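Visitor: Hi! Could you walk me through this structure in plain words?
Guide: Happy to, let's open it up first.

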Amino acid sequence: MINENVGIKGIGTYFPSKKMTAKEIANITDIPEDILIKKFGITEKYIPDEGDTTSFMGIKAAENAIKNAGIGPEDIDLVIWNGAQHKDYPCWLASLFVAYKLGAKNAWGFDMEAMCGSMMAGMETAKSLMLKNSNINTVLLVSGYRNGDLVDLKEPGTSFMFDLSASGTALILQKGLNENLLLESAFKGDGSFSTDCIVPVGGAASWPIKPEDAEKYHFKIQGDPKEFKKRLGETTLPNFFWVIRESLRKSGFSQKDIDYLAILHFKKSAHDMIMDELGLSEEKTVYLQDYGHNGQNDQIISLELGLKRGLIKDGDTIVLVGAGLGFVWASSVVKWGKQ
């Protein structure tokens, strides 16, 4: 009989050596530095250096996760790429390249993405595959993210993306591990937002590529940015709370049981509103103002920082939550420590 426990065996992150400060962003955007810090919640963010491809950052994070887990790459049965679609090459499997570079010679792999909900979707997918298949015992979830390449700081309609950063993260998941248990997850989607904020060129809908497309190859709001933000504002917080509470309910908990919230980076007012609604003090999370928004990596970065700063202890109930363009909301519950 298969042990139904799946736990986090190892965590790894990677950050480029280069950063962009709020002052540098202000000089490009004409948004005052104090507004970027106080309202946007960004003091600085990482930007990719030469060689920091999406896969490279994921590989470096994976190496750290493998070391943290105390295993060898040959112990990995499956690699799931949870990183961004903005990869080294179009139509390309990053998972198998990562496995090859790591020396995970016994692993197969595939790529998947749920935007900023990708790590939670990956955790749920990996858990299901592990419990269904007796030959899948150790899974690497790996992500590289540099979608900031696709943001034009001169495009005011996408100012909410000016915090996009660059990093790699990875998790080693293991079946039969009686610690750091993956409990339940919840997801919600709203496809009515699916084409509201897109990169309008370079895909099949705008093929073949024209020379002038290079200047358009960045995220852009389709329609009125104010209307988009109004509609999203009316939808996103209720859906945030729904996935958080539903993942807790399915796990046998309620919001009063949250010991740590690993939440994505977004503007400070929305962050504070969520913390207040959940009745959580600031020491129950890490606000990522010095890291920027790293897409699907935020929750893993927050988890690692929470551990390093002593904010997470054995027995804690951790909620990971995020939301991404498309639009999708995701939350997963982890019971930390030995069980």
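**Salt bridges, a buried threonine and a helix**

Guide: Let's begin with D272, which counts as partly exposed because its relative accessibility is 25%. Keep in mind that this is a predicted model.

Visitor: Okay, and which residue does D272 form a salt bridge with?
Guide: Its partner is K268, and the closest N and O atoms are 2.7 Å apart. K268 is partly exposed as well, at 23% relative accessibility.

Visitor: Where do K268 and D272 lie?
Guide: Both are in helix α7, which covers residues 268–277. They sit four residues apart, and that is about one turn of the helix.

Visitor: How many salt bridges does the count come to?
Guide: The count comes to 14 salt bridges. Another one is between E234 and K230, with 2.9 Å between the closest N and O atoms. That pair lies in helix α6 (residues 225–251), again four residues apart, about one turn of the helix.

Visitor: Is K230 buried, exposed or partly exposed?
Guide: K230 counts as partly exposed, with a relative accessibility of 48%. The cut-off for exposed is over 50%.

Visitor: Switching topic! What about T169, buried or exposed?
Guide: T169 counts as buried, because its relative accessibility is 0%. You'll find T169 in strand β7, which runs over residues 167–175.

Visitor: What does the T169 side chain join up with?
Guide: A polar contact of 2.8 Å connects the side chains of T169 and N297.

Visitor: Which other residues is T169 in contact with?
Guide: Setting aside neighbours within four places in sequence, T169 is in contact with several residues, including G12, T13, A61, M119 and S143. N297 is in that list too, along with I300 and I301.

Visitor: S143, got it. How far is S143 from A94 in space?
Guide: C-alpha to C-alpha, A94 and S143 are 9.3 Å apart, while in sequence they are 49 residues apart. A94 is in helix α4, residues 94–102, and it is buried, with a relative accessible area of 0%.

Visitor: So what is A94 in contact with?
Guide: Beyond its neighbours within four places in sequence, A94 is in contact with W81, K87 and D111.

Visitor: Which residues of α4 are buried?
Guide: They are A94, S95, V98, A99 and L102. Looking down the axis of α4, these buried residues fall within an arc of 135 degrees, so they line one face of the helix.

Visitor: And what do the buried residues of α4 pack against?
Guide: They pack against helix α3 (54–69) and the strands β4 (78–81), β5 (108–111) and β6 (138–145).

Visitor: Last one: what follows α4?
Guide: G103 does, and its phi is positive, near 85 degrees.

Note on methods
Residues numbered from 1 in each chain as written. Predicted model: local features only at pLDDT ≥ 70, side-chain atom pairs only at ≥ 80, totals over all residues. Heavy atoms only, no water. Salt bridge = Lys/Arg side-chain N within 4 Å of Asp/Glu carboxyl O. Helix = DSSP H or I, 4+ residues; strand = E, 2+ residues; numbered from the N terminus. Buried < 20%, exposed > 50% of the residue type's maximum accessible area, 1.4 Å probe, protein only. Polar contact = N/O pair within 3.5 Å; in protein donor to acceptor, adjacent residues only side chain to side chain. Contact = heavy atoms within 4.5 Å. Arc of directions from axis to C-beta.
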